[in-house]
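Good morning, everyone. Please have the sequence and the model up on your screens. I'll walk you through a few parts of the chain, one at a time.

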Amino acid sequence: MQTSFTFRNMEAGEWLKDYVSKKLARIERYIDKPVSAHVILSVEKFRNVAEIKLSARNIALQGKEEAKEMTLAVDNVIDKIERQMKKYKEKTRNHKDVASIGESMGSGELSAEEYDEYDENPEVVETRKVVLKPMSLEDAILEMDESGNMFVIYRDSSSESVSVIYRRDDGKYVLIETNS
């Protein structure tokens with residue numbers, strides 16, 4: 001990784017360069033291609049500001065944090081860049097998965113090999129028991145977002161009926177209610 005440093009209103013310390021380089025090595029494991037990073041460290045009155053601009057082949061990330069100590073500001077901005085990188089990787093991974101599914105289901109007809117693999121009696125490979133918690137629609141959406149699950153099955157606290165809510169690919173939610 002090519003790293004360039006800019007120091008504003010402060011002395012350029014080798015220990016600080018080494019510290020930032022060591023922290024940037026954490027981000028390198030998420031990146032396949034060579035990357036350049038521009039690190040700007042500055043002191044403004046009593047605030048220490050760390051800003052990192054990271055650029056790779058298809059992505060440009062940046063983060064800026066301020067703290068009372070420079071090492072704390074560097075740690076916070078590295079965490080912020082790492083979260084952005086994880087989000088980008090997850091987004092591209094999901095995009096590739098959807099594309100490969102679309103290619104495999106493109107024709108709509110089964111080939112002879114796929115037909116042989118298709119079984120008329122499907123096998124259940126996993127069974128999960130779910131405890132239906134009484135909650136509101138807002139609580140169910142909040143739980144789904146916090147857990148990272150694609151859907152939540154719950155008992156609606158107002159109507160006592162079983163409901164399922166899931167997130168579509170476009171980010172909107174679909175609610176399925178039962179009549180019980």
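Let's start with one side chain. Asp-79 is partly exposed, at 29% relative accessible area. Here is the scale: buried means under 20% relative accessible area, exposed means over 50%, and partly exposed is in between, with a 1.4 Å probe and protein chains only.

A word on the source. This is a predicted model, where local features need pLDDT of at least 70 and side-chain atom pairs count only at pLDDT 80 or more, while totals for chains, interfaces and linings use all residues. Residues are numbered from 1 along each chain as its sequence is written, and side-chain values use heavy atoms, with hydrogens and water left out.

Back to Asp-79. Which side chain does Asp-79 meet in a salt bridge? Arg-26, at 2.6 Å from N to O. A salt bridge here is a side-chain nitrogen of Lys or Arg within 4 Å of a carboxyl oxygen of Asp or Glu. Why can such pairs form at all? Because side chains of opposite charge can pair when their charged atoms come close.

Now place the two partners. Arg-26 sits in helix α1, residues 14–28, and Asp-79 in helix α2, residues 70–104, so this pair ties together parts that are 53 residues apart in sequence. Helices and strands are DSSP runs, numbered from the N terminus: helices are H or I with at least four residues, strands are E with at least two. Arg-26 is partly exposed too, at 27% relative accessibility.

Arg-26 also forms a salt bridge with Glu-82, with the closest N and O atoms 2.7 Å apart. Again distant parts of the chain are linked: Glu-82 is in helix α2, Arg-26 is in helix α1, and they are 56 residues apart. Is Glu-82 buried or exposed? Buried, with a relative accessible area of 9%. Put together, Arg-26, Asp-79 and Glu-82 are linked in a network of salt bridges. Over the whole structure, a search finds 11 salt bridges.

Let's zoom out. The protein chain has four helices and eight strands. From the N terminus, the order is β-α-β-β-β-α-α-β-α-β-β-β. Of its 180 residues, 24% are buried. The accessible surface comes to about 13,500 Å², and carbon and sulfur atoms hold 50% of that. These areas come from the Shrake-Rupley method with a 1.4 Å probe; for residues, only the protein chains shown count as cover.

Next, a sheet. Four strands form an open sheet in the order β5-β6-β7-β8, with mixed pairing. Its edge strands are β5, residues 134–135, and β8, residues 173–177; each pairs on one side only. Two strands pair if DSSP finds at least two bridges between them. Strand β5 and strand β6, residues 151–156, run parallel, over two bridges. Met-135 stands opposite Asp-156 in β6.

What lies across this sheet? Helix α4, residues 137–147, lies across β5, β6, β7 and β8, at about 45° to β7. For angles, axes are lines fitted to C-alpha atoms, for helices over the stretch in contact, and values run from 0 to 180 degrees between N-to-C directions. Contact means heavy atoms within 4.5 Å.

The side chains of Arg-167 and Asp-145 meet at 2.4 Å, N to O. Arg-167 belongs to strand β7 and Asp-145 to helix α4, 22 residues apart. Arg-167 is partly exposed at 21%, and Asp-145 is partly exposed at 41%.

His-38 is found in strand β2, residues 36–44. It is partly exposed, at 28% relative accessibility. How far apart in space are His-38 and Thr-6? 7.8 Å, C-alpha to C-alpha, although they are 32 residues apart in sequence. Leaving aside neighbours within four places in sequence, His-38 contacts Ser-4, Thr-6, Glu-51, Ile-52 and Lys-53.

Take Glu-51 from that list. Glu-51 lies in strand β3, residues 47–55. At 18% relative accessibility, Glu-51 counts as buried. Not counting residues up to four places away, Glu-51 touches His-38, Val-39, Ile-40, Gly-63 and Lys-64.
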